[in-house]
Amino acid sequence: MSLKLKYLPLLLLPFSLSLNAQEIKAELNKEIKRQEKISYILDYPQKVKGNVPLIVFLHGSGERGNDLEKVKAHSPFTYKNLIKEPVAILAPQCPENEWWDTVSIYNLIKEIQRKYKIDASRIYLTGLSMGGWGTLKLAMEHPEMFASVVSVCAPTDRVMYANIHQYKDLNMKIFHGGMDDVVLPENAFNFYQKLHPVNPTAELTIFPNDNHNSWDSTYSNPALYEWMLSKKKEK
């Protein structure tokens, strides 16, 4: 009997600890530095005086990896001859098996602005599929940076819906294929339904006969670049 009593206090120990728990309310306020590494192609016009507009293009999931040439596929690079004025085109590459890190893209754009003569009032953002999601996410996080935003066959998420007011002052166009079975057109419909009340000038275009590839229909239209480049960010 004495042996059992000897170990009894140890059995009660967890209960006594929980009764004496302390509730701490606090805040972490600390600058955390991080290493950023992202490959990119920058197509910068030669023999141009002054600052030039910048189109930022985010590719889809199929162009991830370390072959930089891939980022030019299915993009404004393909239809560069349709752009009627000198522009810089920036296309970063997302690493394999990852999705876009919009903090890195934002910092990359700021770095390009430091290194090259970029017109800060004429920075344009566009992307397709996974890059369309990255486009909407980055535009939500930094609406102050972009003069116009064009998403193509983009997945959307609840964070975007919850922060829909972030898009209220942006010049926006949304494109999607009506037969898309990879990223369903409901993504565009639902997002636009939330967007329109806060941003009535935003436009949704559905290409009824396009499946997931609605990027060729989007980027092959010279009117898109005319519209995009006509927009300037108010200072």
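1. A cavity here is a set of grid points where a 1.4 Å probe fits but cannot get out. The model is predicted, and by this rule it holds one cavity of 30 Å³ or more. The space in the largest cavity comes to about 40 Å³.

2. Which residues line the largest cavity? They are Leu 136, Ser 151, Cys 153, Ala 154, Thr 156, Ile 174, Phe 175, His 176, Asn 187, Ala 188 and Phe 191. Seven of the lining residues are nonpolar and four are polar, while none is charged. At least two residues of this lining come from strand 6 (172–177), and at least two from helix 5 (186–198).

3. The strands form an open sheet of seven, ordered 1-3-2-4-5-6-7, and the pairing is mixed. Strand 1 (40–43) and strand 7 (203–207) are the edge strands, each pairing on one side only. On average, neighbouring strands of this sheet are turned by 15° against each other, direction ignored.

4. Strand 6 and strand 7 run parallel and are joined by five bridges. Ile 174, one of the residues lining the largest cavity, has Leu 204 in strand 7 as its bridge partner.

5. Two helices should be read together with the sheet. Helix 5 lies across strand 6 and strand 7, and runs at about 155° to strand 6. Helix 2 (residues 102–115) lies across strand 1, strand 2 (52–58), strand 3 (88–92) and strand 4 (118–128); its direction is at about 145° to strand 4.

Definitions and conventions. Residues are numbered from 1 along each chain as its sequence is written. This is a predicted model: local features need pLDDT of at least 70, side-chain atom pairs count only at pLDDT 80 or more; totals for chains, interfaces and linings use all residues. Side-chain values use heavy atoms; hydrogens and water are left out. On a 1 Å grid over the protein atoms alone, a cavity is a set of points where a 1.4 Å probe fits but cannot get out, and a pocket is an open set with protein on both sides within 12 Å along at least five of seven lines; lining residues have an atom within 4 Å of a point. Grid points are joined across faces, edges and corners, and a volume is the space filled by probe spheres set on the points. Helices (H or I, at least four residues) and strands (E, at least two) are DSSP runs, numbered from the N terminus. Ala, Val, Leu, Ile, Met, Phe, Trp, Tyr, Cys and Pro count as nonpolar, Asp, Glu, Lys and Arg as charged, and the others, Gly among them, as polar. Two strands pair if DSSP finds at least two bridges between them. Axes are lines fitted to C-alpha atoms, for helices over the stretch in contact, and angles run from 0 to 180 degrees between N-to-C directions. Contact means heavy atoms within 4.5 Å.
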